[in-house]
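Biologist: Hello! Could you take me through this model with a few questions and answers?

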Amino acid sequence: MMQNLLVNVGEMLANLWESSGLSSGEWQNYVMLLVSFVLMYLAIVKKFEPLLLLPIAFGMFLINLPGAYNVLWGKYAGDSHGYYDVIPETRGLLWYLFYGVEEVIYPPLIFLGIGAMTDFGPLISNPKSMILGAAAQLGIFLTLIGAVVLGFDLAAAASIAIIGGADGPTAIYLTQMMAKYTEQDLLSAIAVAAYSYMALIPIIQKPLMRLVVPKNERTIKMKPLRTVSKLEKIIFPVIVTLVVGVLLPDAVPLLGMLMLGNLLKESGVCDRLSSQAQNGLMNTVTIFLGVSVGCKAFGTTFLAFDTLKIIALGLVAFSCGTIGGLLVGRLMCKISGGKINPLIGSAGVSAVPMAARISEDVGRESDPSNHLLMHAMGPNVAGVIGSAIAAGFLLSII
């Protein structure tokens, strides 16, 4: 009897060992756990884009816990590892959360919230800002060429290039839409790169702004913007959606939700819906999106040479976008006879409102009495529109 008891205890201990992560973890998983700790540190201590970086980091942490993959995601039926190849009975929590990314639901909902929080007044007051927003998309198209040269197929290259728009939801949206045209799983690398560079905007942009724009132009003071009427703010989202929707339907899922959110805000008759879009819905979707993206950063697939190339190309895209906006800003400064401060061109990279604040900071470094924030908000919101249009354009041609 004692012998049988010992045998049973031995089997129980063996089963416990086999079910624990200690028996199944790969070295890549432990590396990714360290990466997740670094991202959590940056989010919590350094406050780098914490609203998304922290959920992404924790999703990365969860999925790389040794042995947790089969519980949190599920088991595959065969050699094919597509989203729907997971055995239905084994599908875990993260598999269900990821459905909103797989079917491209979360990014448009994020845009709905962004629209409800955004004031398009500075752009309407100074329509020339749209030129700067368009110029800052230069990094997208230069990086598209660079990614193809480095061996990525066209669909993958487009997904990488959109990092230059400095817009995380747009990058996720385009990557998922392009996933059917490429065999490369780039979502986690692109998302982490996009949000990391958005968080590092002050570190990346400020040196470029000082390098490209001479001090005498950085001190230019711009005239106050005119007051925009309520009617203009109501008509704007409708007209933009109509024009872009007719010319580029592929951009409508993002741009349409952005403009709907803004119309809810500006109409003045949907305060409850606008408040929900800005707060409850936005916060919920942000958590789901962050954790879902993070859970795709599984060690054995994330730690690849292609990931390093994506991170490098993302930096190039972001830097070129910033420089493109600054150079066109300098050109507009010359044409206007010194009435436009070129620093606001860097805000065209779409990271609202951080990029506009950087324009304000660098302007005040040269002249403490110079205030560029509201002027920079024009190119900044134009960049949001521009990145969505760029994504629709890439979808339509690929």
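Biologist: Happy to start with a lysine. Which residues does Lys265 touch, not counting residues up to four places away in sequence?

Modeller: This is a predicted model, so please read every value that way. Lys265 belongs to helix H16, and its relative accessibility of 28% makes it count as partly exposed. Leaving out residues up to four places away in sequence, the residues touched by Lys265 are Gly115, Ala116, Thr118, Asp119 and Ser274.

Biologist: Thanks! What separates the C-alpha atoms of Lys265 and Ile239?

Modeller: Lys265 sits in H16. Along the chain, Lys265 and Ile239 are 26 residues apart.

Biologist: Let's turn to H15 and H16. Are H15 and H16 roughly parallel or roughly antiparallel?

Modeller: The axes of H15 and H16 come within 9 Å and cross at roughly 165 degrees. Angles over 145 degrees count as roughly antiparallel. Therefore H15 is, relative to H16, roughly antiparallel.

Biologist: And which residues of H16 make the contact with H15?

Modeller: The crossing of these two helices, H15 and H16, is left-handed. On the H15 side, the contact is made by Lys230, Lys233, Ile234, Phe236, Pro237, Val238, Val240, Thr241, Val244 and Gly245. On the H16 side, the residues are Val252, Leu255, Gly256, Met259, Asn262, Leu263, Glu266 and Ser267.

Biologist: Where does H15 bend?

Modeller: H15 covers residues 230–247, and its 18 residues reach 27 Å from first C-alpha to last, close to the expected 26 Å. There is still a bend of about 25 degrees in H15, with a proline, Pro237, following within four residues. The bend is at Phe236.

Biologist: Which helices do the buried residues of H15 pack against?

Modeller: The buried residues of H15 are Lys233, Phe236, Pro237, Val240 and Val244. They pack against helix H7 (121–125), helix H16 (252–267) and helix H21 (373–397).

Biologist: Which residues of H17 does H3 meet?

Modeller: H3 passes H17 in a right-handed crossing. From H3, the residues involved are Leu51, Leu52, Pro55, Ile56, Gly59, Met60 and Ile63. In H17 they meet Thr286, Ile287, Gly290, Val291, Val293 and Gly294.

Biologist: What is the angle at which H6 and H17 pack?

Modeller: H6 (residues 106–117) passes H17 in a left-handed crossing. Residues making this contact include Tyr106, Leu109 and Ile110 of H6 and Ser274, Ala277 and Gln278 of H17. The axes of H6 and H17 are 8 Å apart, and the packing angle is about 145 degrees.

Biologist: Is Ser36 buried or exposed?

Modeller: Ser36 lies in helix H2 (residues 27–44). Its contacts, not counting residues up to four places away in sequence, are Ala57, Met60 and Phe61. The relative accessibility of Ser36 is 0%, so Ser36 counts as buried.

Biologist: Now some backbone geometry. What is phi of Lys47 near?

Modeller: Most residues other than glycine have a negative phi. Lys47 lies in the loop between H2 and H3, and at 59% relative accessibility it counts as exposed. Phi of Lys47 is positive, near 60 degrees.

Biologist: Is Ser350 buried or exposed?

Modeller: Ser350 is found in the loop between H19 and H20. Although not a glycine, Ser350 has a positive phi of about 90 degrees. Its relative accessible area is 4%, so Ser350 is buried.

Biologist: Is the peptide bond from Val352 to Pro353 cis or trans?

Modeller: Most peptide bonds are trans. Pro353 lies in the loop between H19 and H20. With omega near -10 degrees, the bond from Val352 to Pro353 is cis.

Terms used: Residues are numbered from 1 along each chain as its sequence is written. This is a predicted model: local features need pLDDT of at least 70, side-chain atom pairs count only at pLDDT 80 or more; totals for chains, interfaces and linings use all residues. Side-chain values use heavy atoms; hydrogens and water are left out. The expected span of a helix is 1.5 Å times one less than its number of residues. The bend at a residue is the angle between axes fitted to the seven residues ending there and the seven starting there. Buried means under 20% relative accessible area, exposed over 50%, partly exposed in between (1.4 Å probe, protein chains only). Contact means heavy atoms within 4.5 Å. A crossing is left-handed if the near helix is turned anticlockwise from the far one by less than a right angle, and right-handed if clockwise. Axes are lines fitted to C-alpha atoms, for helices over the stretch in contact, and angles run from 0 to 180 degrees between N-to-C directions. Angles under 35 degrees count as roughly parallel, over 145 as roughly antiparallel, 65 to 115 as roughly perpendicular and the rest as oblique.
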